Amino acid sequence: MLLYDAVRRRRDTRREFTGEPVDPEVLERVLSAAHCAPSVGMSQPWDFVLVREPATLATFRDHVRAERARFAATLEGERAETFAAITVEGVVESGLGVVVGYDPRRAGPSVLGRHTIADTGLYSVCLAIENLWLAATAEGLGVGWVSFYREEFLGELVGFPAHVRPVAWLCVGRVEDLPDVPDLERHGWRHRSPLASVLHDERWTPRPDAAGPDHPGPGTAGSGTAGSGTA
Ligand SMILES: Cc1cc2nc3c(=O)[nH]c(=O)nc-3n(C[C@H](O)[C@H](O)[C@H](O)COP(=O)(O)O)c2cc1C
């Protein structure tokens, strides 16, 4: 698949998993793509824990359900109704969770390029995730990023030491198809904004949020920021 095709075809997957196991060679290629990502000071600060044990998947799914309910309870009116129809995870259905961790101690205390911006370590992990997502798309696999969890819970579930931060639970699996339209768009939660709405010449200028109406999020009454919530 051409790179631009993979970029366009990539989709957050929740409902489409078939539950069939992923070919080990394919998984190896996808994880190798993640491991090829750029990283600050070449620190390669990521870890990938592969979770297939049904009991662990179910435990995590239950935790996600509880967090989903907690978020739902913060919504009102049309937002609450719209959210009620949205699936936010395919943890059990995918059959495979790839838990991505960030280890800030990797590469020692002097990480080239990180002394000014500590977050560059985290940025590096996110690039590995994007590589994984695009490679999986090229292989015809689905990936769903789940962030409805408490970091301490997930860290303990997969045995991360205290200094390793969980960055994502990725549901990875075979899918019937990848939808053309993002789920959140299909449900009317948010839309992809036009490029022009985020492009600035020479200096930043304020723009209206072109991805949808302003819905003040929980605890941000009147701030007018996008109500994109967690998903
Ligand atoms: C950091 C991050 C966290 C996300 N967490 C969730 C999540 O918990 N549940 C979910 O259904 N989607 C989650 N998503 C997926 C987004 O909802 C999705 O990327 C967005 O709606 C655009 O759709 P697309 O990826 O199919 O283009 C997450 C994506 C990112 C980048």
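Q: In this predicted model, is the crossing of H2 past H6 left-handed or right-handed?
A: Start with the two helices: H2 covers residues 24-35 and H6 covers residues 120-138. Their axes come within 7 Å and cross at roughly 145°. As for the hand of the crossing, H2 passes H6 in a way that is right-handed.

Q: Which residues of H6 make the contact with H2, and how many residues of that contact are nonpolar?
A: On the H2 side you'll find Arg29, Val30, Leu31, Ala33, Ala34 and His35. Facing them from H6 are Ala128, Ile129, Asn131, Leu132, Ala135 and Ala136. Sorted by class, the contact has 1 charged residue and 2 polar ones, and the nonpolar count is 9.

Q: What is the strand order in the open sheet?
A: The sheet has 4 strands, and the pairing is antiparallel. S1 (46-51) and S3 each have a single partner strand, so they stand at the edges with one side left without a neighbour in the sheet. From one strand to the next, the twist averages 25°. Reading across, the order is S1-S2-S4-S3.

Q: Which residue of S2 stands opposite Asp47?
A: S1 runs antiparallel to S2 (residues 97-102), and 6 bridges join the two. Within S2, the residue across from Asp47 is Gly101.

Q: Why is S3 described as largely enclosed by the rest of the structure, and what is the bridge partner of Leu141 in S4?
A: A residue counts as buried when 20 or more other C-beta atoms lie within 10 Å of its own. In S3 (residues 141-146), 5 of the 6 residues are buried, so the strand is largely enclosed. S3 is joined by 6 bridges to the antiparallel strand S4 (residues 165-174). In S4, Leu141 has as its bridge partner Arg174.

Q: At what angle to S4 does H7 run?
A: H7 takes in residues 151-158 and lies across S1, S2 and S4. Relative to S4, the helix runs at about 65°.

Q: Is Ile86 buried, partly exposed or exposed?
A: Ile86 sits in the loop between H4 (77-84) and H5 (91-94). Leaving out residues up to four places away in sequence, it touches Asp183, Leu184, His187 and Trp189. Ile86 has 17 other C-beta atoms within 10 Å, while buried would take 20 or more and exposed 12 or fewer. That makes Ile86 partly exposed.

Q: Which residues come nearest to the ligand?
A: The shell around the ligand divides into 7 nonpolar, 2 polar and 4 charged residues. Of the 13 residues there, the ones that come nearest are Asp12, Val88, Trp145, Ser147 and Pro182.

Conventions
Residues numbered from 1 in each chain as written. Predicted model: local features only at pLDDT ≥ 70, side-chain atom pairs only at ≥ 80, totals over all residues. Near = placed C-beta within 6 Å. Nonpolar A, V, L, I, M, F, W, Y, C, P; charged D, E, K, R; others polar. Pairing = 2+ DSSP bridges. Axes fitted to C-alpha atoms, helices over the stretch in contact; angles between N-to-C directions. Left-handed = near helix turned anticlockwise from the far one by under 90°. Contact = placed C-beta atoms within 7 Å.
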